[in-house]
Amino acid sequence: MEQVDEQEGRDASAMPVGDPWYDATGAEWGERAGAGVPGDGRPDAVPRQRVHSAAEIYLEVQRSPAFQEVRSRYRRFVFPATLAFFLWYLAYVVAATAAPGFMARPVAGAVNVAMVAGLGQFLTTFLLTWAYARHARLRRDRAALELRWDTQEMTRGAVQR
């Protein structure tokens with residue numbers, strides 16, 4: 001950049017380093033420098049408002065009733081589903097170790113109860129995944145998306161700490 005400035009006849013150390021969008025608000029466009037800048041002492045200036053940090057905004061959203069509703073809908077599905085799947089898996093493992101005769105009982109040809117129950121574990125996993133996706137789509141996604149948009153709007157002018 002220094003070479004370019006030297007070629008144009010300017011000294012690189014004399015160039016302003018500040019942000020051009022906030023230093024001189026439209027001074028080159030016929031407006032007075034600093035006109036309309038919040039807090040510049042003029043009566044028609046927009047008063048400064050307290051800008052919240054992103055952390056404060058996220059805590060506010062977390063305490064909101066909408067967020068609590070999305071969270072409770074999630075928990076009402078996930079906790080029972082996880083418990084049911086864990087009990088089903090535990091029953092399979094206990095049956096395999098405590099009742100090997102029952103698990104070895106043939107169902108059809110070389111397929112026994114243990115193989116059917118093991119394949120049932122896979123089927124249950126796929127069904128649970130489908131049920132979770134359906135529940136999220138019907139009960140949580142829209143509310144969560146609205147919260148996300150609201151939060152993004154609130155954090156747009158937030159102070160980054």
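These legends describe close-up views of one predicted model. Residue numbers run from 1 along each chain as its sequence is written, and side-chain values use heavy atoms, with hydrogens and water left out. Local features need pLDDT of at least 70 and side-chain atom pairs count only at pLDDT 80 or more, while totals for chains, interfaces and linings use all residues.

**View 1**
Helices (H or I, at least four residues) and strands (E, at least two) are DSSP runs, numbered from the N terminus. Along the sequence the pattern is α-α-α-α-α-β-β-α. The chain has 161 residues, and 16% of them count as buried. Buried means under 20% relative accessible area, exposed over 50%, and partly exposed in between (1.4 Å probe, protein chains only). Accessible surface totals about 13,000 Å², with 62% of that on carbon and sulfur atoms. Areas come from the Shrake-Rupley method with a 1.4 Å probe; for residues, only the protein chains shown count as cover. Of the contacts (heavy atoms within 4.5 Å) between residues at least 6 apart in sequence, 56% join residues at least 24 apart.

**View 1. Helix α6 bends at Arg140.**
Helix α6 covers residues 113–155, and its bend is about 55°. The bend at a residue is the angle between axes fitted to the seven residues ending there and the seven starting there. Buried residues of α6 include Val113, Ala117, Gly118, Leu147 and Thr155. Arg140 itself is also buried. The cover over the buried residues of α6 includes α3 (54–63), α4 (65–98) and α5 (100–103). It also includes the strands β1 (106–108) and β2 (111–112).

**View 2. Asn112 caps the N-terminal end of α6.**
A side-chain oxygen of Asn112 lies 3.3 Å from the backbone nitrogen of Ala114. Val111 belongs to strand β2. Val111 counts as partly exposed because its relative accessibility is 33%. Not counting residues up to four places away in sequence, Val111 touches Pro106 and Val116.

**View 3. His135 pairs with Arg140 through their side chains.**
His135 sits in helix α6. Its relative accessibility is 15%, so His135 counts as buried. The His135–Arg140 polar contact is 2.9 Å. A polar contact is a pair of N or O atoms within 3.5 Å; within protein, one must be able to donate a hydrogen and the other to accept it, and residues adjacent in sequence count only if both atoms are side-chain atoms. Leaving aside neighbours within four places in sequence, His135 is in contact with Arg73, Phe77 and Arg140.

**View 4. Glu69, Arg73 and Arg76 are linked in a network of salt bridges.**
A salt bridge is a side-chain nitrogen of Lys or Arg within 4 Å of a carboxyl oxygen of Asp or Glu. In the Glu69–Arg73 bridge, the closest N and O atoms are 3.0 Å apart. These two residues are four apart in helix α4, so about one helical turn separates them. The Arg76–Glu69 bridge spans 3.6 Å, N to O. Glu69 is partly exposed at 32% relative accessibility, and Arg73 is partly exposed at 27%. Arg76 is exposed, at 53%.

**View 5. Arg156 and Glu153 form a salt bridge.**
The closest N and O atoms of this pair are 3.5 Å apart. Arg156 is exposed, with a relative accessible area of 62%. Glu153 is partly exposed, at 48% relative accessibility. The structure holds three salt bridges.

**View 6. A nonpolar patch lies on the surface.**
Leu83, Phe86, Leu87, Leu90 and Val94 form the patch, with about 460 Å² of accessible area together. Patches are made of residues with over 30% relative accessible area and no salt bridge: like charges are joined within 9 Å, nonpolar side chains (Val, Leu, Ile, Met, Phe, Trp, Tyr) within 5 Å. Leu87 lies in helix α4 and is partly exposed, at 46% relative accessibility. An α-helix has 3.6 residues a turn, so residues three or four places apart point the same way.

Ala144 is in helix α6. Its relative accessible area is 32%, so Ala144 counts as partly exposed.
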